[in-house]
Amino acid sequence: MGQHWPETPSTCSCPGRNGAIVRKDPFVAFHINKGLVRKYMNSLLIGELSPEQPSFEPTKNKELTHEFRELRATVERMGLMKANPVFFLLYLLHILLLDVAAWLTLWFFGTSWVPFLLCSVLLSIVQAQAGWLQHDFGHLSVFGTSKWNHLVHHFVIGHLKGAPASWWNHMHFQHHAKPNCFRKDPDINMHPFFFALGKVLSVELGKQKKKYMPYNYQHKYFFLIGPPALLPVYFQWYIFYFVIKRKKWVDLAWMITFYVRIFLTYVPLLGLKGFLGLFFMARFLESNWFVWVTQMNHIPMHIDHDRNMDWVSTQLQATCNVHKSAFNDWFSGHLNFQIEHHLFPTMPRHNYHKVAPLVQSLCAKHGIKYQSKPLFSAFADIVHSLKESGQLWLDAYLHQ
């Protein structure tokens, strides 16, 4: 009989029958040093599997899983899991240069409205692009060791953005483990208190006669409480609550370096009121950018309770892509390749386009729709999906 470890969202690997290792796809996807992580798995041993225990549950696609594991092996042999250091160095430099340019705009041209707005735009670009870069380090996709990825992740998200790495890790890996699964993906926690998301959940909410918001208008009020408000109204304050409540003092120290730096560089030029205006204007612009980009790949897709599907099916039904272009890649931090990112979260982003044809072939073979669309169509689909799910809720609320 083989030993059995409980499955957790981000660390899932166990010896199977007769001592053979049974590969658990989330475990393989999330960790770059699997040998080291396995040493910590021994404490999770809870028992042994009997010989007749089925190796695959009926809700999971065994053939698809097997072929994806072969694809994963092919990708590794092709060297697509290895990062190009020059790419990430240049990416960091372009962020730092824009950060300096924002300050020089006010220093050289003065603090009238035009340079003030230009500075706000430049700072929002810095913040958005630093957000995409910290995402790379958070996923351990730059350096070959977790230690260096974590260290630079603290610098980028903490010092360049003023946010805690522990908060991002806590939220984001839950999202990757069970994307678009209600109660398991924190990215859809706005259901049901602010939005009715997905066809299944919206109808369910309507049948239960629950109404926290006028969901049939959510495609309209999304423009008020969604993109403009998420960062400046919610995230900006919640991150401090998170680090203090959980006593993440290292994260708090990194965050303080960000606020001290921007305070000392901009208050002498703008005064306190002007500085606060600049800061929240940049956060407002960044928030709009962040929400449209991060929601275009998921909100229009299938949203449901966790149906205990296999790893690959779970990722594919919850993600879609946006067409590749130099602008789209830069604007979204290569998250326009959301399908590839979810299947290979530790893959360096500059290799997504190389693995995309292989993923498309896998999807075609198994009759799975591989969705890729233009950027503005992806934005529009967010609104269309909210309108559709809101109407489904209303119909169920009134007639079922």
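**View 1. Pro192 in the loop between H7 and helix H8.** In this predicted model, Pro192 is found in the loop that runs between H7 and helix H8 (199–207). The peptide bond joining His191 and Pro192 is cis, with omega at about 5 degrees. Asn180 also lies in the loop between H7 and H8. The phi angle of Asn180 is near 65 degrees, a positive value in a residue other than glycine. Most residues other than glycine have a negative phi, and most peptide bonds are trans.

**View 2. The packing of helix H7 against helix H10.** Helix H7 covers residues 165–177 and helix H10 covers residues 230–245. The two helices pack at an angle of about 100 degrees, and their axes are 9 Å apart. An angle of 65 to 115 degrees counts as roughly perpendicular, so H7 and H10 are roughly perpendicular to each other. On the H7 side, the contact is made by Ser166, Trp167 and His170. On the H10 side, Phe235, Tyr238, Ile239 and Phe242 take part. Of the residues in this contact of H7 with H10, 5 are nonpolar, 2 are polar and none is charged.

**View 3. A salt bridge between Glu286 and Lys161.** The side chains of Glu286 and Lys161 meet in a salt bridge, with 2.6 Å from N to O. Glu286 belongs to helix H11, while Lys161 sits in the loop between helix H6 (146–160) and H7. The pair links distant parts of the chain, 125 residues apart. Side chains of opposite charge can pair when their charged atoms come close. A search of the whole structure finds 13 salt bridges.

**View 4. A nonpolar patch on the surface.** The patch is formed by Ile256, Val260, Phe263, Leu264, Leu272 and Leu276. Together these residues have about 540 Å² of accessible area. One of them, Leu272, lies in helix H11, which spans residues 249–295.

Methods
Residues numbered from 1 in each chain as written. Predicted model: local features only at pLDDT ≥ 70, side-chain atom pairs only at ≥ 80, totals over all residues. Heavy atoms only, no water. Patch = residues over 30% accessible without salt bridge, like charges linked within 9 Å, V, L, I, M, F, W, Y side chains within 5 Å. Areas by Shrake-Rupley, 256 points an atom, 1.4 Å probe, with all protein chains shown as cover. Salt bridge = Lys/Arg side-chain N within 4 Å of Asp/Glu carboxyl O. Helix = DSSP H or I, 4+ residues; strand = E, 2+ residues; numbered from the N terminus. Axes fitted to C-alpha atoms, helices over the stretch in contact; angles between N-to-C directions. Parallel < 35°, antiparallel > 145°, perpendicular 65-115°, else oblique. Contact = heavy atoms within 4.5 Å. Nonpolar A, V, L, I, M, F, W, Y, C, P; charged D, E, K, R; others polar.
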